[in-house]
Amino acid sequence: MSPDFENELREALRAVDPEDGFAERVRRRIASETRMRRRWLSARWAPEALAASVLVAVLGVYGWEQRRERQGLEARQQLIEALRVTGEKLDLAYRGVQDASRPASADDAGA
Amino acid sequence: MTDGAACSVCDSLARARAGDPSAFAELVRQHQRTVYSLALRMLADRHKAEDLAQEVFLRLHRNLARVQSDVHLLFWLRQVTTRLAIDRLRREPKYQLLPLRADPGIASENSAGDPLLRRQLRDLIGQLPAAARAVVLLRYQEDMEPLEIATVLEMPLNTVKSHLKRSLAVLRGKLSGVASVAAAFPGDGSVP
């Protein structure tokens with residue numbers, strides 16, 4: 001690449017200054033953005049933000065308690081079912097024992 | 001940059017980091033030419049360039065704590081300016097279609113040479129795809145080496161060299177009425 005052409009490019013792309021007062025405009029923009037950010041975090045929004053946080057926390061705790069209660073109920077139902085099944089099995093076993101012993105008694109009576 | 005000037009920048013940087021608004025303003029004044037020129041040549045519009053340059057300094061203000069030295073500051077400013085400009089060009093391709101010479105405020109014709117040729121060159125650079133344009137600007141406006149450009153643009157060195165080679169070929173060809181930008185950057189579209 002010829003140095004002349006590259007020099008022409010450098011000349012064509014010579015740096016230029018922004019319009020006067022650029023630094024001041026930047027300062028104003030920074031000040032404006034800083035104000036906006038502060039306003040966003042200011043006390044004006046704090047009560048609403050606090051209320052929203054409390055609401056979220058309460059809803060979270062309520063949901064957690066509901067879930068635990070539901071789990072407790074399910075466990076209780078399972079226990080009742082297990083007791084019922086066990087009772088039925090015991091009842092069957094008891095009847096089996098009774099049936100096994102009844103004919104022998106009848107024979108004894110007939111003799 | 002002389003040692004004295006570099007120290008001045010270091011001093012301004014340290015004071016700006018400490019929260020001194022006048023030191024930050026001094027930093028802006030020291031670098032506004034670089035940032036604004038890059039933005040202007042990338043976007044080819046004075047108002048958009050002013051807005052982008054302001055945004056760059058706004059981001060600098062937010063990220064001052066991360067800037068370690070004056071060298072790092074210059075690197076940071078070039079990187080953020082080119083990235084933001086490329087992002088804007090991608091979002092709004094219409095920027096690319098604005099010829100630089102349509103805006104009387106963006107050319108500097110103070111030096112000797114062929115002003116018509118320089119205008120044509122600026123127009124043609126404005127037609128390059130965004131990434132290629134950034135490479136050319138960093139090379140010939142900022143006088144950066146290809147390796148530095150690769151670091152700033154986070155681009156492989158060979159890609160930088162390829163962009164430079166193709167862009168220069170396009171510029172030369174267009175000046176002599178031979179090549180076209182689209183033919184030299186197939187698949188790049190108007191804005192990459």
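Predicted model: local features only at pLDDT ≥ 70, side-chain atom pairs only at ≥ 80, totals over all residues.
1. Packing of α2(B) with α4(B). In chain B, helix α2 (residues 21-43) packs against helix α4 (residues 70-91) with the axes 10 Å apart and an angle of about 25° between them. Because this angle falls in the class under 35 degrees, α2(B) is roughly parallel to α4(B). The handedness of the crossing of α2(B) and α4(B) is right-handed.

2. Residues at the α2(B)–α4(B) contact. On the α2(B) side, the contact is made by B:His31, B:Thr34, B:Val35, B:Leu38, B:Ala39, B:Met42 and B:Leu43. From α4(B) come B:Leu77, B:Arg78, B:Thr81, B:Thr82, B:Ala85, B:Arg88 and B:Leu89. By class, these residues comprise eight nonpolar, four polar and two charged.

3. Geometry of α2(B). The end C-alpha atoms of α2(B) span only 29 Å, whereas a straight helix of 23 residues would span 33 Å at 1.5 Å a residue. A bend of about 55° is found in α2(B) at B:His31. B:His31 is also one of the residues through which α2(B) touches α4(B). Just after α2(B), B:Ala44 has a positive phi of about 60°.

4. Packing of α3(B) with α4(B). Helix α3 (residues 46-62) of chain B meets α4(B) at an angle of about 130°, and their axes are 10 Å apart. That angle makes α3(B) oblique to α4(B). The crossing of α3(B) and α4(B) is right-handed.

5. Residues at the α3(B)–α4(B) contact. Here α3(B) supplies B:Leu52, B:Glu55, B:Val56, B:Arg59 and B:Leu60. The residues from α4(B) are B:Leu77, B:Val80, B:Thr81, B:Leu84, B:Ala85 and B:Arg88. The classes represented are seven nonpolar, one polar and three charged. Among the α4(B) residues, B:Leu77, B:Thr81, B:Ala85 and B:Arg88 take part in the contact with α3(B) and also in the contact with α2(B).

6. Contact between the chains. Chain A contributes 22 residues to the contact and chain B contributes 30 residues. On the side of chain A that touches chain B, the elements giving two or more residues are α1 (3-12) and α2 (22-41) of chain A. The largest share of that side, eight residues, is provided by α2(A). The side of chain A that touches chain B consists of twelve nonpolar and ten charged residues, with no polar ones.

Note on methods:
Residues numbered from 1 in each chain as written. Chains lettered and ligands numbered in written order. Axes fitted to C-alpha atoms, helices over the stretch in contact; angles between N-to-C directions. Helix = DSSP H or I, 4+ residues; strand = E, 2+ residues; numbered from the N terminus. Parallel < 35°, antiparallel > 145°, perpendicular 65-115°, else oblique. Left-handed = near helix turned anticlockwise from the far one by under 90°. Contact = placed C-beta atoms within 7 Å. Nonpolar A, V, L, I, M, F, W, Y, C, P; charged D, E, K, R; others polar. Expected span 1.5 Å × (residues − 1). Bend = angle between axes of the 7 residues up to and from the residue.
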